[in-house]
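Dear colleague,

I am handing over the structure below, together with notes on what was found in it. Please read the notes with the structure open beside them.

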Amino acid sequence: MKSKETSTAMIIDKLQDFRQQVYRFLGNGRDAIFDLMDAVLTSPRVKSFVELSLSAVYRRKWSSLYESLKDSRPNRGRIRRLCVEQIPKDIRPLLAGDHTGWGRPHAKTLKDRSFVHQPNLVEGNKPIVLGHDYSTLAWIPEMTGSWAIPLCHERISSFETAGQRAAFQLSQVCRDLTVRPIATYDSEYGSAVFMNLTEDIPADLLIRLRPNRCLYKAPAPYSGYGRPRKHGDKFQLANADSWGEPSATFSLEDETVGQVQIQQWSNLHFRQAAQRHIQVIRVTHSHCSGLWLAWVGEQMPTLDSLWRLYLRRFAIDHWYRFAKQRLHWTLPHLLTPQQALRWSDLMPLLSWQLWLARQLVIDTPLPWQKPQTNLNFGRVAQGFAALLVRIGSPACSPNLVVSLSVGNLDASVLLFLAFLSSKNELLARKRSIKTTLIPNFQYSLFLSLAFSQFSVFWVTFSCSFSDSLNQLSLNSSKLRHKNKKELRCKAP
């Protein structure tokens, strides 16, 4: 029992430490940003972005939602390293990369829009829309389930391609990792251009190939005449006659798809990337006529586990759906790409909090849901509100803001303003007398962080002291009026 309580306490401390580090790296407006993240985690259904301000954990006004995204300057490098540090050091990380679109067809003044892919159910319409494209590199922690926790989630500008952004993200993550990872990508990245971009990155690649690709075999030995050949015979994936004999074959019985046949061909390459040698794997079973995979790297896993590693890549598609539907990623209509990027920076942080809290959350299924043993993203988010009460928030409460009108200032507030701004003339104009009771400071306490707490105390004190001064002024006025009346009565 004690060991279980100790383990739970360690997980809580890890989650609280992660939230505290995130709070430090958020930059300006970190308090409002952190309240926004808690509001997202505890608000399963909202119709508009501004409705997040109605959450019980959001302690600010609705305008702070947009102001915080406008003023925020998160340290993306430190946040990425913080996320990478959560990956266990004793395993070989499995990464998955892909990109998705955020459609903004009605934002005509939004800068840097481009055509992005969007599924379209209308027959005859092209599956594209105007908006922004985002590239994601996620860590796949388990061999089963739908967990994919992003390490990078950045916008692809109109001046770069998805492959260029993916290669940059992979290089940044590999710089922070201590173990050489395996990175999986879809067929869009299976090209010579991406091979050249990732040549100097210390990572092994497992990429799907389109069935119409053409590769080249290793050239024949040098004959001694002319320039040595760079390319051998063609290896066309769509032409079985050009394959030749595979270098290795393997068959197994899978519980889901039945009999699986795996073939491997070695020492192939793209025409524009002859320096990178590729191991081509073909996987066939009763539900798939041919899945072509390319392995580029050093430590190749066994054939029976290689194709299963690629199937784990589809967990990132589950995360995209979860981010758009439950984390409300594409809900706000922000004015600038910078604000949209800062909002998108929160998606990995929200996902990592759910991953770290998966063992602490109690499953609370809805009446039509079945209980789960291994909770997914949605179930952890469903019970995160109860955990939030226990772990608390590192964000500070909003400061007391007092709106003052110079035309309606009473005597005590005038004393407060004169004390802070060192302007004795303001007090003199109000009372029509000169006074030197207020010391003349050389600096304003508004700009001094050391006197911030004193300022809040003085506001509270002045508001309470104001009533006393008003009552004293009223009593003195009544006394003067009474004395004048008595003098008139005594006059001859």
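His 99 counts as buried because its relative accessibility is 18%, where buried means under 20% relative accessible area, exposed over 50% and partly exposed in between, with a 1.4 Å probe and protein chains only. This is a predicted model, in which local features need pLDDT of at least 70 and side-chain atom pairs count only at pLDDT 80 or more, while totals for chains, interfaces and linings use all residues. Residues are numbered from 1 along each chain as its sequence is written, and side-chain values use heavy atoms, with hydrogens and water left out.

His 99 belongs to strand β1, residues 94-103; helices (H or I, at least four residues) and strands (E, at least two) are DSSP runs, numbered from the N terminus. The side chain of His 99 makes a polar contact with the side chain of Asp 133 at 2.9 Å, and another with the side chain of Glu 188 at 2.7 Å. A polar contact here is a pair of N or O atoms within 3.5 Å; within protein, one must be able to donate a hydrogen and the other to accept it, and residues adjacent in sequence count only if both atoms are side-chain atoms. Leaving aside residues up to four places away in sequence, His 99 touches Asp 133, Tyr 134, Ser 135, Ile 156, Ala 162, Glu 188, Tyr 189 and Tyr 320, contact meaning heavy atoms within 4.5 Å.

For the protein as a whole, there are 15 helices and 12 strands, and 44% of the 492 residues are buried. Of the contacts between residues at least 6 apart in sequence, 59% join residues at least 24 apart.

Two helix pairs come next. The axes of helix α2 (residues 30-41) and helix α10 (residues 346-356) come within 11 Å and cross at roughly 60°; axes are lines fitted to C-alpha atoms, for helices over the stretch in contact, and angles run from 0 to 180 degrees between N-to-C directions. The two helices are therefore oblique to each other, given that angles under 35 degrees count as roughly parallel, over 145 as roughly antiparallel, 65 to 115 as roughly perpendicular and the rest as oblique. On the α2 side the contact is made by Ile 33, Leu 36, Met 37, Val 40 and Leu 41, and on the α10 side by Leu 346, Leu 349, Leu 350, Gln 353 and Leu 354. These residues divide into 9 nonpolar, 1 polar and no charged, with Ala, Val, Leu, Ile, Met, Phe, Trp, Tyr, Cys and Pro counted as nonpolar, Asp, Glu, Lys and Arg as charged, and the others, Gly among them, as polar.

Helix α4 (residues 76-85) and helix α5 (residues 162-176) pack at an angle of about 60°, with their axes 10 Å apart, which makes α4 oblique to α5. Arg 80, Arg 81 and Val 84 of α4 meet Gln 172, Val 173 and Asp 176 of α5, a contact with 2 nonpolar, 1 polar and 3 charged residues.

Finally, there are two backbone points to look at. Most residues other than glycine have a negative phi. Asn 267, in strand β10 (residues 258-270), has a positive phi of about 55° although it is not a glycine, and at 41% relative accessibility Asn 267 counts as partly exposed. His 328, in the loop between α8 (315-325) and α9 (337-344), has a positive phi of about 60°, and at 4% relative accessibility His 328 counts as buried.
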